[in-house]
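Please look over the sequence and the structure below.

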Amino acid sequence: MSKSTEELKSLTTQIRRDILRMVHAVNSGHPGGSLGCTEYFTALYGKVMNYKLPFTMEGKNEDLFFLSNGHISPVFYSTLARFDFFPVAELATFRKLGTRLQGHPTTHDDLPGVRVASGSLGQGLSVAIGAALGKKLDGDESLVYVLQGDGELQEGQNWEAFMFAAAKKVDNLITTIDYNGRQIDGDTDDVLDLGNLHAKMEAFGWIVLNEKNGNDLEAVIAILERAKAETGQGKPVCILLHTEMGHGVDFMMGTHAWHGKAPSDEQLDNAFKQLYLEAPADY
């Protein structure tokens, strides 16, 4: 069922509540980046991407999504559950023994919506390029989406993939870089400065779009729709999406400290008060 923008805004709050509940329950996981990317996932699955249920790995004649920075699995799992890929109640099994909801997404337990294991950083774009080229060979005009982290771009394989996609004119591909400026050890500028990423991507032969308001749902929907309109022109498309790690929870914002740390009972209660819903559908 198609949801209105207001319904999707409410859903972003619900997903943020899910994220915090998941990592709190097992005192483990990555809330910071997950909270920062909530609008992206809600926009992608709620408005932009053309996909089918029930889920199939083949994904013929539908858009595909690949999560490269797999540590932000909480936002991915919550989104999949809230969009009916699997029961919401299964979120309660996150990171527990025997679960399908591993800390990093895996494929061996056939969790609907997950097309590739993404524990090691830097590999998602390469996989997405392969899928996009496969669609071209099949005459399938659907698109392939991938999400990458900015800190993840310090992995060299990304730059081989950037070069390859442009050289081979993989123009049915849209990558979004979560440009929050932070990673596990601090600010990306301090750990390993990426320089002028916009200029670099253009130099590598990509169409580059920039969105400063990556935590504004309507802005995210608009930039994704604009990216779709730029496909098919002989170049892959890149969105630089500026987000805030920990967005929605004041004490998690403005720092890299919550990259991979779970909130205490008191902190969870504080966060839930900030992420207020009149009728939350918490699992």
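A salt bridge is a side-chain nitrogen of Lys or Arg within 4 Å of a carboxyl oxygen of Asp or Glu. Glu6, Lys9 and Glu218 are linked in a network of such bridges. The model is predicted: local features need pLDDT of at least 70, side-chain atom pairs count only at pLDDT 80 or more, and totals for chains, interfaces and linings use all residues. Residues are numbered from 1 along each chain as its sequence is written, and side-chain values use heavy atoms, with hydrogens and water left out.

**Annotated span**

- UniProt, in an unreviewed entry, lists residues 13-275 as "domain: Transketolase N-terminal"; its positions are given in the numbering used here, feature names are shortened, and annotations may be inferred rather than shown by experiment.
- The end C-alpha atoms of residues 13-275 lie 6 Å apart, and the span is 39% helix and 11% strand.
- Helices (H or I, at least four residues) and strands (E, at least two) are DSSP runs, numbered from the N terminus.

**Salt bridges**

- The structure holds 13 salt bridges.
- One of them joins Arg21 and Asp282, with the closest N and O atoms 3.0 Å apart.
- Arg21 lies in helix H1 and Asp282 in the segment after H10, so this pair ties together parts that are 261 residues apart in sequence.
- Arg21 has a relative accessible area of 23% and is partly exposed; the classes are buried under 20%, exposed over 50% and partly exposed in between (1.4 Å probe, protein chains only).
- Asp282, at 25% relative accessibility, is also partly exposed.
- Arg182 and Asp187 form a salt bridge at 3.6 Å, N to O; Arg182 is buried at 17%, whereas Asp187 is partly exposed at 32%.
- Glu225 and Lys228 form a salt bridge with the closest N and O atoms 3.9 Å apart.
- Both Glu225 and Lys228 lie in helix H9 (residues 217-230), 3 residues apart, which is about one turn of the helix.

**Nonpolar cores**

- A nonpolar core is a set of buried Ala, Val, Leu, Ile, Met, Phe, Trp, Tyr and Cys residues joined through side-chain atoms within 4.5 Å.
- In soluble globular proteins, nonpolar side chains tend to be buried together.
- The largest core has 56 residues, of which Phe41, Tyr45, Phe65 and Tyr145 touch the most other members.
- Helix H1 (residues 5-26) gives the largest share of this core, 7 residues.
- A second, separate core of 26 residues includes Ile129, Phe162, Ala165 and Trp206.
- Leaving aside neighbours within four places in sequence, Tyr145 is in contact with residues including Tyr40, Leu44, Phe65 and Ile174; contact means heavy atoms within 4.5 Å.

**Helix H10**

- Leu268, Ala271 and Phe272 are buried in helix H10 (residues 265-274).
- These residues are on the same side of H10 because they cover an arc of only 100 degrees around the axis, the arc being that of the directions from the helix axis to the C-beta atoms.
- Glu266 and Lys273 are exposed on the other side of H10.
- H1 is among the parts that cover the buried residues of H10.

**Asp171**

- Asp171 is found in the loop between helix H6 (157-167) and strand S3 (173-178).
- Asp171 counts as buried, at 11% relative accessibility.
- A polar atom of the Asp171 side chain lies 2.9 Å from the backbone nitrogen of Gly234.
- Leaving aside neighbours within four places in sequence, the contacts of Asp171 include Lys136, Thr231 and Pro236.

Terms used: Polar contact = N/O pair within 3.5 Å; in protein donor to acceptor, adjacent residues only side chain to side chain.
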